Amino acid sequence: MAFRNDALAGRHIVISGGCGAIGLGIVKKLMSHGANLTVNDILSDQQATDRLRQKGIDVSKINYVKADLTDTHETDRLVDTARERFGVIHVALCHIGMVIPKPLLEYKVEEWDETMAVNVRTAFLLGSAASRSMLEDGIQGQLIFTTSWVADVPWPEIGPYNASKAAMKQLMRSFARELADQGIRANAVAPGIVSVGLAKQQWDTDPIYRTRAQKAIPLGVMQPLDSVADAFLFLCSTAADYMTGTVLLVDGGCSLYPMDDA
Ligand SMILES: NC(=O)c1ccc[n+]([C@@H]2O[C@H](COP(=O)([O-])OP(=O)(O)OC[C@H]3O[C@@H](n4cnc5c(N)ncnc54)[C@H](O)[C@@H]3O)[C@@H](O)[C@H]2O)c1
């Protein structure tokens, strides 16, 4: 996507789960367009530094904050630390996610709780804390949630994940509805079956998943990381200023897949 290299100059963007496979691609893309990035993850400082460096990211320009965002106080600490380093927050990306692949009837309740806590609770906590900071600072900011095409399609053997992404979608719409008159927008990016991260791990280790996924991508190839990062670049840019309450579906047509043929 052709955006000027200074398209995000002066913008402070906070991303949770930013040292994951997709997060690193987003961080690199947004930095290369001039944004200041506060990157959160649960990794140690050293692990995070190693991952960021391996991706060719200039770590000296990053504000890395190790914090477990299932915890309210840790989330508040992240937001406070972010404001201390780079000033007011313009955009918060609620990006953490996990999946436990197995048939629905084999899920333990603890696994359901963990999936909901890591995917939905962290999004609620960061969305809330970032919104409060934007209101305090008088910023017309934006929240962006990473959902998935499976928010609307019951992809087999990840039922609680599907449900968590549907919850995040409606959470996003609720933030958008309640905060619009205070100048805060909320949107989501819904990727497809990406060539890195959670889906790639399943693709590499589970032949049944791989066979099903190979049939499920109308455009024929796993989703390039850059196409996900580009969607974030667009939403973070002024080109998306009139958008709120929207899911930007970038899934290569996966959601068109006729599930009866799975
Ligand atoms: N990979 C795909 O095909 C795909 C498709 C659609 C949507 N998504 C979504 O994209 C996002 C990133 O996925 P990914 O594939 O890069 O996964 P990933 O596992 O590589 O990245 C997730 C990151 O979140 C961090 N994290 C987990 N729990 C945390 C916590 N409590 N506090 C702070 N950080 C925490 C992890 O350490 C990890 O670095 C997720 O929301 C996922 O659901 C992925």
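By class, the shell around the ligand has 14 nonpolar residues, eleven polar ones and four charged ones. Keep in mind that this is a predicted model. In total, 29 residues surround the ligand. Ile22, Asp41, Asp68, Tyr161 and Leu198 are the closest.

Which backbone atoms lie 2.9 Å from an oxygen atom of the ligand? That distance belongs to a backbone N or O atom of Ile22, a residue that is also among the closest to the ligand. For Val194, a polar backbone atom is 3.0 Å from a ligand oxygen. For Gly20, the distance from a polar backbone atom to an oxygen atom of the ligand is 3.2 Å. On its own, the ligand has 830 Å² of accessible area, and the protein covers 91% of that.

Where does the ligand sit? Its place is the largest pocket.

Now to Val120. This residue is part of helix 4, which runs over residues 109–137. Is Val120 buried or exposed? Its relative accessible area is 17%, and buried means under 20%, so Val120 counts as buried. Thr147 is 27 residues from Val120 along the chain, and the C-alpha atoms of the two are 10.0 Å apart.

Methods: Residues numbered from 1 in each chain as written. Predicted model: local features only at pLDDT ≥ 70, side-chain atom pairs only at ≥ 80, totals over all residues. Heavy atoms only, no water. Near = heavy atom within 4 Å. Polar contact = N/O pair within 3.5 Å; in protein donor to acceptor, adjacent residues only side chain to side chain. Areas by Shrake-Rupley, 256 points an atom, 1.4 Å probe, with all protein chains shown as cover. 1 Å grid on protein atoms, 1.4 Å probe; cavity = no way out; pocket = protein on both sides within 12 Å on 5 of 7 lines; lining within 4 Å. Sits in = over half its atoms within 2 Å of the grid points. Nonpolar A, V, L, I, M, F, W, Y, C, P; charged D, E, K, R; others polar. Helix = DSSP H or I, 4+ residues; strand = E, 2+ residues; numbered from the N terminus. Buried < 20%, exposed > 50% of the residue type's maximum accessible area, 1.4 Å probe, protein only.
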